[in-house]
Amino acid sequence: MWTKISSLFVIKTKFEAFAVIYALALGAVERGVHYLLQYPGIGGWLLFAVCPIAVFMAGARILDSVERNAEV
């Protein structure tokens, strides 16, 4: 039973990977908007810019791992 439950949290296809990356991007932009409201000026914009960059790095890692598992 635990293996069935744990298999729900495994990203198996590229479609699932893109869905997770999309959700991460929405959260990152929302956090960036909050940074802009809390820190007006250049500091807020710098923090806003860092949020999507983290999603790009995580997304590349997720896609790489999905492609690597598909080859095996």
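Guide: Happy to! Let us begin with Asp64, which lies in helix α3; helices here are DSSP runs of H or I with at least four residues, strands are runs of E with at least two, and both are numbered from the N terminus. The model is a predicted one, in which local features need pLDDT of at least 70, side-chain atom pairs count only at pLDDT 80 or more, and totals for chains, interfaces and linings use all residues. Residues are numbered from 1 along each chain as its sequence is written, and side-chain values use heavy atoms, with hydrogens and water left out.

With a relative accessible area of 33%, Asp64 is partly exposed. That class lies between buried, under 20%, and exposed, over 50%, using a 1.4 Å probe and protein chains only. Lys14 is 50 residues away from Asp64 in sequence, yet their C-alpha atoms are 9.9 Å apart in space.

Helix α3 also holds Arg68, which is partly exposed at 44% relative accessible area. From Arg68 to Ala23, 45 residues apart along the chain, the C-alpha separation is 22 Å.

Now for the nonpolar side of the picture. A nonpolar core is a set of buried Ala, Val, Leu, Ile, Met, Phe, Trp, Tyr and Cys residues joined through side-chain atoms within 4.5 Å. The largest one has eight residues: Ala17, Ile21, Ala28, Cys51, Val55, Ile62, Leu63 and Val66. Both α2 (14-38) and α3 (42-71) supply at least two residues each to this core, and α3 gives the largest share, five residues. Within this group, Ile21 is in contact (heavy atoms within 4.5 Å) with Val55, Gly59, Ile62 and Leu63, leaving aside neighbours within four places in sequence.

Stepping back, the protein has three helices and zero strands, and its elements run α-α-α from the N terminus. Its radius of gyration is 16 Å, well over the 11 Å that the globule rule gives for 72 residues, so the protein is more spread out than a compact globule. That radius is taken over C-alpha atoms, and the rule is 2.2 Å times the number of residues to the power 0.38. The C-alpha trace spans about 50 × 25 × 15 Å along its principal axes. Of the 72 residues, 15% count as buried.

Finally, look at Trp2, found in helix α1 (residues 2-7). Trp2 counts as exposed, at 69% relative accessibility. Trp2 and Gly43 are 41 residues apart in sequence, and their C-alpha atoms are 46 Å apart in space.
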